[in-house]
Amino acid sequence: MKKIVFLLAIVLLGACENNRDCKISIGDATFQCEPNSAAYSGLNHVGGYEYFTGGHRGVVVIRLSLTDFIAFERTCPCDNNSRVEVSDTYGSMVLECPTCHSLFSVNDYGNPMTGSVTQCPLYRYETSYNGGTLYIY
């Protein structure tokens, strides 16, 4: 019984902590793409998304409308070693950390959803779209 309690404690301590400091590692994420091209087919439709290299653990770009995009750092604000992903359960408007299972609302600018371990939002990169090229910075 003691071994089970000890192992459970290690697993729980190794998961994301309730981090209220919001110290998220970010990196350079200055790049551009053509979201209507075949090279980025995930961005060809509203609600679509693509993962990109850059930042600390990568960047996810989601198309909100024909002309609006949003980009987030994929580093979970709860654990700099975890990478958030588009949720298989909730779709492209929710990002999920596979380590702590915190959920982040794309429609609420990356803020954590009720019940998430972290209270910190995802880091959001700026975007600019001129009708042909999308700039992320």
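Select Thr118. This residue is buried, with a relative accessible area of 1% (buried means under 20%, exposed over 50%, partly exposed in between, with a 1.4 Å probe and protein chains only). The model is predicted: local features need pLDDT of at least 70, side-chain atom pairs count only at pLDDT 80 or more, and totals for chains, interfaces and linings use all residues. Residues are numbered from 1 along each chain as its sequence is written, and side-chain values use heavy atoms, leaving out hydrogens and water.

Stay on Thr118. It lies in the loop between β10 (111-112) and β11 (124-125). Strands here are DSSP runs of E, at least two residues, numbered from the N terminus. Now show Cys120. Its backbone nitrogen is reached by the Thr118 side chain at 3.0 Å.

Next, select the sheet. Three strands form an open sheet in the order β1-β13-β12, with antiparallel pairing; two strands pair if DSSP finds at least two bridges between them. The edges are β1 (31-33) and β12 (127-129), each pairing on one side only. From one strand to the next, the twist averages 20° (axes are lines fitted to C-alpha atoms, and angles run from 0 to 180 degrees between N-to-C directions).

Zoom in on β1 and β13 (residues 134-136). Three bridges join these antiparallel strands. Pick Cys33: it stands opposite Leu134 in β13. Cys33 is buried, at 4% relative accessible area.

Finish with Cys78. It is buried too, with a relative accessible area of 9%. How many disulfides are there? The count comes to zero, taking a disulfide as a pair of cysteine sulfur atoms within 2.5 Å.

Technical notes
Helix = DSSP H or I, 4+ residues; strand = E, 2+ residues; numbered from the N terminus. Polar contact = N/O pair within 3.5 Å; in protein donor to acceptor, adjacent residues only side chain to side chain.
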